[in-house]
Amino acid sequence: MEQKLSCIDCGVINCLNEDKAFPEFCPGEACPPEVLKEAMNEYEKDDIRTLTIAAAETEAENYCKMTRLEETMEFAKKIGAKKLGIATCAGLLSESRIAARIFRKNGFEVFGISCKCATQKKVDVGIPSVCNSTGENMCNPILQAKYLNHEKTDLNVLIGLCVGHDSLFYKYSEAPVTTLVSKDRVLAHNTVAALYQADKYLKLL
């Protein structure tokens, strides 16, 4: 299959300092003007501008100084978030309790919802029974999002939702979402290790 070259195929990265030449296939150089304009217009919206500036300030002030946990709190403060929602995997409730304790100690109200809240069966929503090998009760990221919407959280923090379940949570959350933990049980939730070891131990390349 022929692949269209894009930013992931670039070794120049001239977009950082603009001190080199862009590659011929550079998506930035070929970006449709209407797509660029549409994207840039979004930054004129007050709520988007607030998030944008807060994210940039959090990065500039704390880059390589703070952990992601600490940066999450800094970002929350900058956007004026008072109530944090935690969407957690039931298997990471211990980690979520620690996060909640830290958030509360730093002045935030915290409300968390587990993926198994209000227990529902997988087969009831059309999930094949073969998937019961990991348990009969479904993960319910849509409920997690809607429950946190109901609680009127200002910022939602995702802790360890499964691949795909996180996609559904992002889709239905009304509040902005930031991810604190990406689940990877094989690598102790250190997801980037698979990339570092892709051509060595894991033999993925």
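A salt bridge joins the side chains of Lys 78 and Glu 61, with 3.1 Å from N to O; the term stands for a side-chain nitrogen of Lys or Arg within 4 Å of a carboxyl oxygen of Asp or Glu. Distant parts of the chain are linked by this pair, since Lys 78 lies in helix α4 and Glu 61 in helix α3, 17 residues apart. Helices here are DSSP runs (H or I, at least four residues), as strands are (E, at least two), and are numbered from the N terminus. The model is a predicted one, in which local features need pLDDT of at least 70 and side-chain atom pairs count only at pLDDT 80 or more, while totals for chains, interfaces and linings use all residues. Residues are numbered from 1 along each chain as its sequence is written, and side-chain values use heavy atoms, with hydrogens and water left out.

Lys 78 has a further partner: Glu 57 forms a salt bridge with Lys 78, and the closest N and O atoms are 3.4 Å apart. This pair, too, links distant parts of the chain, from Glu 57 in helix α3 to Lys 78 in helix α4, 21 residues apart.

Glu 57, at 34%, is partly exposed, and so is Glu 61, at 39%.

Helix α3 spans residues 46–62 and helix α4 residues 68–78; the angle between them is about 140°, and their axes are 9 Å apart. Axes are lines fitted to C-alpha atoms, for helices over the stretch in contact, and angles run from 0 to 180 degrees between N-to-C directions. That angle makes α3 oblique to α4, a term for whatever is not roughly parallel (under 35 degrees), roughly antiparallel (over 145) or roughly perpendicular (65 to 115). On the α3 side, the contact (heavy atoms within 4.5 Å) includes Leu 51, Ala 54 and Thr 58, and on the α4 side Glu 71 and Phe 75.

Altogether, the structure holds 10 salt bridges. Another of them brings together the side chains of Lys 20 and Asp 19, at 3.3 Å from N to O. Lys 20 is partly exposed at 46% relative accessibility, whereas Asp 19, at 53%, counts as exposed.

Methods:
Buried < 20%, exposed > 50% of the residue type's maximum accessible area, 1.4 Å probe, protein only.
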